[in-house]
Amino acid sequence: MKSPIKNSFPLGFPWQTQDPFLFCVYHLDHYPKGKEDMSPAATLEGRNLGNDFTIKDGWRMYHGQTIPGFPSHPHRGFETITIVNKGYCDHSDSLGAAGRFGEGDVQWMTAGRGVQHSEMFPLLQTEKENLLELFQIWLNLPKTSKFVDPHFKMLWHEDIPTINFEGGTVKIIAGLYEDVTAPKPAPDSWAANAENEVAIWNIHLNANTSFSIPKTDAPINRTLYFYEGSEIQIGAHTIQRNFGMELDASHDTIIQNGRKDASLLMLQGKPLDEPVVQYGPFVMNTEEEIQKAMQEYRITQFGGWPWPYPDNVHPKEKGRFAKYPDGSLVEK
């Protein structure tokens with residue numbers, strides 16, 4: 001039987017992706033206890049504050065200087081899908097939208113013609129360590145949707161289907177598994193059209209069990225990331241942890257797990273097959289469009305920044321919530 005593995009590669013920071021995905025990064029930070037201001041109860045000496053991407057004592061500050069995270073920055077031309085399995089993320093943006101989400105929640109944001117947002121990681125626990133496990137995925141927008149209005153959507157973990165089977169679970173963040181469909185994505189997303197077969201699954205396997213990813217007749221790109229466990233077997237291939245695989249989606253992929261529980265992320269979708277020109281947080285189809293995006297951002301700041309600080313966080317006592325641009329509020 002032909003192996004479904006077309007290519008394998010080590011997982012770096014970020015992970016490599018295939019069209020229609022642009023970017024996928026896995027954050028795993030073992031933060032210390034938090035102070036009352038939600039900053040780390042630990043010294044920040046020896047860190048390159050403002051650009052701290054080297055793991056030291058098990059964690060990073062990223063672009064944060066007081067609280068870890070990513071202060072206000074712009075995006076145009078694609079979508080961010082932020083999956084917070086453990087810990088919390090505080091969102092604020094130039095639309096006036098805000099939120100605190102975590103412990104399994106997912107935020108789906110369409111940048112479209114342009115938006116600023118911040119993503120900070122408040123350390124809410126003062127009596128114990130704060131673990132953060134987070135994926136951020138960039139999904140491209142087709143040329144026809146590059147300039148849609150920005151959109152902010154929450155997929156609360158209570159609403160995301162998780163399928164339990166004998167060997168583990170699969171969480172359906174996007175797409176369809178068997179007869180179970182994920183919550184609707186943002187309306188202008190490439191994932192909003194079921195014919196594009198965009199799927200994002202978080203798979204957890206118990207030791208010495210198996211799971212099958214069904215084949216499809218559609219011409220899609222499928223990538224599997226093995227980020228937690230010992231080893232898995234796919235056909236005649238033994239794959240070690242921290243490796244990714246580009247799969248032939250025209251074949252079933254049967255994953256046989258090894259001696260430890262395992263976690264995997266799967267991304268798939270029909271490719272856009274359009275030119276991609278990227279400059280940092282701007283993703284367009286031509287170099288001219290990138291220059292225009294940079295010029296427009298310099299002039300308009302994509303609506304400006306309505307929050308008191310670029311690294312805005314919400315009150316410590318605040319629970320999970322989403323405030324939308326129209327002023328509506330959802331609290332969990």
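**Overall form**

I began with the overall dimensions: a compact globule of 332 residues would have a radius of gyration near 20 Å, and the protein chain has 20 Å, which agrees. I took that radius over C-alpha atoms, with the globule rule being 2.2 Å times the number of residues to the power 0.38. This is a predicted model, so I kept to pLDDT of at least 70 for local features and 80 or more for side-chain atom pairs, while totals for chains, interfaces and linings use all residues. Residues are numbered from 1 along each chain as its sequence is written, and side-chain values use heavy atoms, with hydrogens and water left out.

I noted that the C-alpha trace spans about 60 × 50 × 35 Å along its principal axes. Buried residues come to 55% of the 332; buried means under 20% relative accessible area, exposed over 50% and partly exposed in between, with a 1.4 Å probe and protein chains only. Among contacts (heavy atoms within 4.5 Å) between residues at least 6 apart in sequence, 73% join residues at least 24 apart.

**Aromatic rings**

Next I looked up the aromatic pairs, and the structure holds 24. Rings of Phe, Tyr and Trp (its six-membered ring) pair if their centres lie within 6.5 Å; planes under 30 degrees apart count as stacked, over 60 as edge-to-face and the rest as tilted. How are phenylalanine 23 and tryptophan 138 arranged? Their ring centres are 4.6 Å apart and their planes at 35°, so I logged the pair as tilted. Phenylalanine 23 belongs to strand E2 (residues 21-31) and tryptophan 138 to strand E9 (residues 130-140), so the pair links distant parts of the chain, 115 residues apart. Phenylalanine 23 is partly exposed at 22% relative accessibility, whereas tryptophan 138 is buried at 9%. I also wrote down one aromatic cluster formed by Phe9, Trp15, Tyr26, Phe135, Tyr225 and Tyr227.

**Arginine 47**

My last stop was arginine 47, in the loop between E2 and strand E3 (69-75). Is this arginine buried or exposed? Arginine 47 counts as buried, at 9% relative accessibility. It lies over the face of tryptophan 59, 3.6 Å from the ring centre; the test is NZ of Lys or CZ of Arg within 6 Å of the ring centre and within 35 degrees of the ring normal. Its side chain also reaches the backbone oxygen of lysine 56 at 2.7 Å. Leaving out residues up to four places away in sequence, I found that arginine 47 touches several residues, including Asp52, Asp57 and Met61.

Key:
Helix = DSSP H or I, 4+ residues; strand = E, 2+ residues; numbered from the N terminus. Polar contact = N/O pair within 3.5 Å; in protein donor to acceptor, adjacent residues only side chain to side chain.
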